[in-house]
Amino acid sequence: MSKKIVVLTGAGISAESGLKTFRGNNGLWENEPIDIVATPEGYAKERIRVKNFYNKLRTTLKNFQPNNAHFALARLEESLLENFLLITQNVDDLHERAGSKRLLHMHGELLKLRCENNPEHIFDFNGNETESTHCPICSASTRPHIVWFGEMPLYMQEIELALKECEIFAYIGTSSVVYPAAGFKSIAHSHRAHVTCLNLEIPNFDPHTDTFIQGNASEIVPKWVDSLLG
Ligand code: OAD
């Protein structure tokens, strides 16, 4: 197998690990106003509340383990090496803990903070961010390394190039409603990639999707990877 494959994952891949998805019943945002915890305006108004929201998520992260879907994607990468790219909208570290390395966190990472003075100052962080947490490079104040609504997702140039070059594109466990990630299938499809959707709920039809595989990610993703690796 030497085909170029790009995979996009969303919150659904981590659901069976116990992490809440964003939308749907009992979603992550059920008890928190999105306009406060997921927008730059909300952060400007309520900095401590927003930092604490991400502090709480960060502390709970260690209680969750990668599942068979995360491990299957790491296995696919092991076989394809540079022909594989994993893009995730998730801010958890379950893909890394499963062994994925060719991985882009387009919506940021819970286990990192970023400097408020220089956005290129990004550093590992696994504690409780407060107003006295400072950038280790320039001592300015910090913020969660999370892409909020209205902000530009990360690595977009690299992602667009990979989407145009891939022969297979799959999107897994994502509701496909948040752009630009929701538009990746149409970019890949219009550049002749075969597009597969793997999700718990699937639509009857999508003009940019060739194959739909319905089920729990921990069951369907390992089978899909097996079918690719033959
Ligand atoms: P959503 O919560 O919108 O969607 C999760 C998807 O996973 C739904 O389509 C579910 O049907 C599916 N799902 C749930 N359990 C599953 C399972 N066990 N196996 C397979 N699929 C399952 O999450 P995302 O699409 O990731 O951005 O949300 C996209 C972005 O919305 C997030 O990255 C976040 C939010 O705005 C930022 O925070 C910047």
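## Strands, cores and salt bridges in a predicted model

Glutamate 109 is found in strand β4 (residues 108-115); helices (H or I, at least four residues) and strands (E, at least two) are DSSP runs, numbered from the N terminus. The structure is a predicted model, in which local features need pLDDT of at least 70 and side-chain atom pairs count only at pLDDT 80 or more, whereas totals for chains, interfaces and linings use all residues. Residues are numbered from 1 along each chain as its sequence is written, and side-chain values use heavy atoms, with hydrogens and water left out.

Glutamate 109 has a relative accessible area of 13% and is buried. Buried means under 20% relative accessible area, exposed over 50%, and partly exposed in between, with a 1.4 Å probe and protein chains only. The side chain of glutamate 109 makes a polar contact with that of lysine 112 at 3.2 Å. A polar contact is a pair of N or O atoms within 3.5 Å; within protein, one must be able to donate a hydrogen and the other to accept it, and residues adjacent in sequence count only if both atoms are side-chain atoms. With neighbours within four places in sequence set aside, glutamate 109 is in contact (heavy atoms within 4.5 Å) with Val91, Glu96, His145 and Ile146.

β4 and β6 run antiparallel and are joined by four bridges; two strands pair if DSSP finds at least two bridges between them. In this pairing leucine 113 stands opposite proline 144 in β6. Five of the five residues of β6 (residues 142-146) are buried, so this strand is largely enclosed by the rest of the structure.

**The six-stranded sheet**

An open sheet with parallel pairing is formed by six strands in the order β3-β2-β1-β7-β8-β9. The edges are β3 (103-105) and β9 (211-214), each with a single partner strand, so one side of each is left without a neighbour in the sheet. Neighbouring strands are turned by 15° against each other on average, direction ignored; the axes are lines fitted to C-alpha atoms, for helices over the stretch in contact, and angles run from 0 to 180 degrees between N-to-C directions.

Within the sheet, β1 (residues 5-9) and β7 (residues 168-172) run parallel and are joined by five bridges. Valine 6 stands opposite phenylalanine 169 in β7.

Glutamate 167 lies in the loop between α7 (156-165) and β7 and is partly exposed, at a relative accessible area of 37%. Glutamate 167 and lysine 3 are 164 residues apart in sequence, yet their C-alpha atoms are 6.2 Å apart. The side chain of glutamate 167 also reaches the backbone nitrogen of lysine 4 at 2.8 Å. Beyond four places in sequence, the contacts of glutamate 167 are Lys3, Lys4, Arg192, Ala193 and His194.

**Nonpolar cores**

A nonpolar core is a set of buried Ala, Val, Leu, Ile, Met, Phe, Trp, Tyr and Cys residues joined through side-chain atoms within 4.5 Å. The largest has 21 residues, of which Ile5, Val7, Leu73, Leu76, Ile172, Val221 and Trp224 touch the most other members. Two or more residues each come from β1, α5, β2 (84-88), β7 and α9. The largest contribution to this core is that of α9, with six residues. Isoleucine 172 touches residues including Val7, Ile13, Leu73, Leu198 and Val221, not counting those up to four places away in sequence. A second, separate core of 19 residues includes Val6, Leu104, Phe184 and Cys197.

**Salt bridges**

A salt bridge is a side-chain nitrogen of Lys or Arg within 4 Å of a carboxyl oxygen of Asp or Glu. The count by this rule is twelve. Three of these pairs are tabulated.

| Pair | Closest N to O distance | Relative accessible area |
|---|---|---|
| Glutamate 32 – arginine 49 | 3.7 Å | 24% (glutamate 32); 34% (arginine 49) |
| Aspartate 93 – arginine 97 | 3.1 Å | 15% (aspartate 93); 32% (arginine 97) |

Salt bridges that share partners join Arg47, Lys51, Glu116, Glu129 and Glu131 into one network.

In the pair of glutamate 32 and arginine 49, glutamate 32 lies in the loop between α1 (12-15) and α2 (34-37) and arginine 49 in helix α4 (residues 47-60), so the pair ties together parts 17 residues apart in sequence.
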